[in-house]
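Please look over the model below alongside these notes. They are given as numbered points.

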Amino acid sequence: MAQRRLRVLPSMPFVNRKSAASSTPAPTTAPVPVRSGRRTIVDSAIYSDGIRVASPTSLAETFRALHDTPGGMAWIGLYRPSQAEIHSLAEEFDLHELAVEDAIAAHQRPKLERYDDTLFVVLRAADYLDVPEEVAFGELHIFIGPNFVITVRHSESPDLSHVRRRMESDPELLAMGPQAVLFAIIDTVVDEYAPVVAGLANDIDEIESSVFDTVDAHVSRRIYELSSEVIDFQRATHPLATVVENLQLGADKYGVNEELQRNLRDVADHLTTVNERVDVFRSMLRDILTVNSTLVTERQNARMAELSELSHEQGEATKKISSWAAILFTPTLIASIYGMNFIDMPELHWALGYPFAIGLMAVLMAALYIWFKRSKWL
């Protein structure tokens, strides 16, 4: 899914609720990353007619610069800010306490909430990691007001620096105000889902091959892990579709530029494609898991049949050995008794004692052989 550049219509300025009557500061030549002592302010800038006119080094300077720029817009990018910093922003821009609470707590599902003239949007970015072959998820909170954009990241992704550079390279687009920034961020998050979809598709192809090649615990475990990743990905993409739909429904009511609306519809189309692919992935993994379980069962049954056949062969061999042992044990028993040489033993001095003993041995051995043969032990 290639990056798409938003086309431009005439700008729609937003009203600055806290503007002060003063001259516009001279524009700066390049974006300057700003960091506080805790390195939470990734970048902070004031824009006028789509041009960066100030790069404050703290939140307090940002507030003053915005007041000194009539019709200006502040774009503040934060990375894991402290509660004090978020409360400072809430007091300055009149952010709703529920949205502030969500931004502090994090771990939110993608959603869109409107508080008077302020939008609070939660997005979940995704990044496919090639080496561990897994998906890493990030969380982004966005506050959109008439004259400000505040982004709060709770993870390394998404990286919004290229979004800011792209917007700053097109002043007419940036002059459309905070809504243009919001749509550009959503567009970037959706575009970054494409490598994740490709990575998951490749993993599923590999699993399909391995299912028919080998049977071990690793394959079943990998299927389960990949299914979990797909479910997590669904939790990021499916609610986002509702967010985009609500933005579309409210576009006319809140006077969103028609060109921005068209680009938002394009984003919605790409997101629909992603959701359809993810749904297919989940169905495929469910089917693969079923097939794998069937194959494992079949191979286990075949192995059990082999073991059963081997056990049967061993049993037959045991029967034969036991039969011959019993047959050979009979004459040994008779011979051992008459080998005791006691004086008073019966038939010991009988002239026919020896032939009788030999005949008795032969008869008993023959009888045992016939009995074992009829019992199919021999």
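1. Helix α6 (residues 178–191) has 14 residues, which at 1.5 Å a residue should span 20 Å, and the distance between its end C-alpha atoms, 20 Å, agrees. The expected span is 1.5 Å times one less than the number of residues. Helices (H or I, at least four residues) and strands (E, at least two) are DSSP runs numbered from the N terminus. Of the 14 residues of α6, 14 are buried, so the helix is largely enclosed by the rest of the structure. Buried means under 20% relative accessible area, exposed over 50%, and partly exposed in between (1.4 Å probe, protein chains only).

2. This is a predicted model, in which local features need pLDDT of at least 70 and side-chain atom pairs count only at pLDDT 80 or more, while totals for chains, interfaces and linings use all residues. Residues are numbered from 1 along each chain as its sequence is written, and side-chain values use heavy atoms, with hydrogens and water left out.

3. The largest nonpolar core has 60 residues, and Leu 182 and Ile 185 are among those with the most contacts inside it. Such a core is a set of buried Ala, Val, Leu, Ile, Met, Phe, Trp, Tyr and Cys residues joined through side-chain atoms within 4.5 Å. Helix α9 gives the most to this core, with 11 residues. A second, separate core has 26 residues, including Ala 54 and Tyr 115.

4. Not counting residues up to four places away in sequence, Ile 185 touches Leu 123, Leu 140, Ile 142, Thr 151, Leu 160 and Val 163. Contact here means heavy atoms within 4.5 Å.

5. How many aromatic pairs does a search of the whole structure find? The search finds 8. Rings of Phe, Tyr and Trp (its six-membered ring) pair if their centres lie within 6.5 Å; planes under 30 degrees apart count as stacked, over 60 as edge-to-face and the rest as tilted. The Tyr 47 and Trp 75 rings are tilted, because their planes are at 50°, with centres 6.3 Å apart. Tyr 47 is in strand β1 (residues 41–48) and Trp 75 in strand β3 (residues 73–79), so this pair ties together parts 28 residues apart in sequence. Tyr 47 is buried at 2% relative accessible area, and Trp 75 is buried at 1%.

6. Trp 324 and Tyr 369 also form a tilted pair, with centres 5.9 Å apart and planes at 45°. Trp 324 is partly exposed at 42%, and Tyr 369 is partly exposed at 34%.
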